[in-house]
Amino acid sequence: MSEVALAVDIGGTKILVGLVAADGTILRSEQAATPAREGPDAIIATVVALAEKLRRADVTRCGVGTAGVVGEDGEITSATDHLSRWAGTPLRRRLAEALGLPVTVLNDVQAVGLCEALLGAARGHRSALMLALGTGVGGAIARNGVVERGAHGIAGSVGHHLSPVRRGRRCPCGGVDHLEAYASGTAMQEAYRERTGHALGLREIAVLAQADDADARAVIAEAAEVLGAVIGSANNVIDAEIVVVGGGVLALGDMLLAPARDAAKREALGASRTVQIVPARYGPTACLIGAGLAALQSGPAGG
């Protein structure tokens with residue numbers, strides 16, 4: 001019987017736990033609301049309760065994709081306030097003790113990046129830069145089918161690359177004028193509100209842009225310019241073969257990606273101007289699948 005991993009996706013609003021096979025198939029899954037304001041004990045208890053519903057004999061290890069920066073020992077070294085007191089949680093150790101399994105912990109976007117590298121839009125490429133555009137902007141780097149964590153767990157965090165546009169916008173991390181402050185869904189909604197005085201969701205802004213609304217188009221154009229410029233300059237350092245962009249903001253389609261590709265080419269060096277920037281192939285289950293693949297990839301010792 002093929003090995004199966006217990007996979008966990010810990011997000012700000014929901015926790016998803018599933019059984020993931022080596023080919024990325026989700027065999028079964030269970031979901032619950034994240035007790036985000038109740039602290040790490042409640043979050044871990046929710047994960048364990050969902051996992052116990054899925055336990056079976058061929059589950060030999062566990063993989064986790066979680067919000068927050070993950071250190072070398074699977075601890076949460078920093079996190080936003082979406083999950084109360086999450087920073088400092090020794091997540092790998094706590095879950096390994098509770099589940100009796102070796103546990104591998106990745107940041108959620110790193111898990112998405114692994115899914116895309118092994119099975120998705122970057123499959124067959126030796127290296128990939130992954131961006132996830134949603135409420136925030138996350139990133140990951142994969143080389144030869146393995147996610148690069150870096151010395152401090154933050155490799156690929158292009159959401160905190162400086163924007164070429166400097167309007168003094170505050171990033172949720174506390175910095176100023178990062179990519180996330182311009183190209184996240186939250187940032188675009190805020191930019192539209194500042195321009196018009198109207199608070200609209202991103203899909204509503206997209207509809208207006210398609211109807212040639214000048215303010216909506218300007219907001220998307222600025223986000224695309226910043227996104228592309230950061231991709232181009234970041235890839236001058238990373239030198240990935242392909243760039244994969246996912247997340248809810250991709251609902252904007254080529255209104256965002258086409259000008260972003262042009263901006264990336266202007267910033268790229270040499271042959272990296274030809275690097276493709278493509279939409280992600282996997283959607284909301286990518287983190288769960290990537291977490292399961294990370295566990296299966298890790299070997300018996302976990303980690």
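Predicted model: local features only at pLDDT ≥ 70, side-chain atom pairs only at ≥ 80, totals over all residues.
Residues are numbered from 1 along each chain as its sequence is written, and side-chain values use heavy atoms, with hydrogens and water left out. Local features need pLDDT of at least 70 and side-chain atom pairs count only at pLDDT 80 or more, while totals for chains, interfaces and linings use all residues.

Helices (DSSP runs of H or I, at least four residues) and strands (runs of E, at least two) are numbered from the N terminus. Helix α5, residues 185–196, packs against helix α7, residues 214–238, at an angle of about 140 degrees, and their axes lie 10 Å apart; such axes are lines fitted to C-alpha atoms, for helices over the stretch in contact, with angles running from 0 to 180 degrees between N-to-C directions. The two helices α5 and α7 are therefore oblique to each other, a word for what remains when angles under 35 degrees count as roughly parallel, over 145 as roughly antiparallel and 65 to 115 as roughly perpendicular. The crossing of α5 past α7 is right-handed, where right-handed means that the near helix is turned clockwise from the far one by less than a right angle, and left-handed that it is turned anticlockwise. On the α5 side the contact (heavy atoms within 4.5 Å) is made by M188, A191, Y192, R195 and T196, and on the α7 side by D215, A216, A218, V219 and A223. Seven of these residues are nonpolar, one is polar and two are charged, given that Ala, Val, Leu, Ile, Met, Phe, Trp, Tyr, Cys and Pro count as nonpolar, Asp, Glu, Lys and Arg as charged, and the others, Gly among them, as polar.

Helix α5 also meets helix α6, residues 202–210, with axes that come within 9 Å and cross at roughly 60 degrees, which makes α5 oblique to α6. This crossing of α5 and α6 is left-handed. From α5 the contact draws on G185, M188, Q189 and Y192, and from α6 on L202, I205 and L208; five of these residues are nonpolar, two are polar and none is charged.

Helix α7 in turn packs against α8, their axes coming within 7 Å and crossing at roughly 40 degrees, so that α7 is oblique to α8. Among the residues in this contact are I220, A223, L227 and I231 of α7 and M255, L256, P259 and A263 of α8, and the contact as a whole divides into 12 nonpolar, four polar and three charged residues.

A cavity is a set of points, on a 1 Å grid over the protein atoms alone, where a 1.4 Å probe fits but cannot get out, and its lining residues have an atom within 4 Å of a point. Grid points are joined across faces, edges and corners, and a volume is the space filled by probe spheres set on the points. Two cavities of 30 Å³ or more are counted. The largest has a volume of about 60 Å³, and its lining includes I231, G232 and N235. Helix α7 gives the most to this lining, with three residues.

The second largest cavity has a volume of about 40 Å³. Helix α3 (108–118) and strands β8 (127–133) and β9 (137–143) each supply at least two residues of its lining, which divides into eight nonpolar, one polar and one charged.

How values were computed: 1 Å grid on protein atoms, 1.4 Å probe; cavity = no way out; pocket = protein on both sides within 12 Å on 5 of 7 lines; lining within 4 Å.
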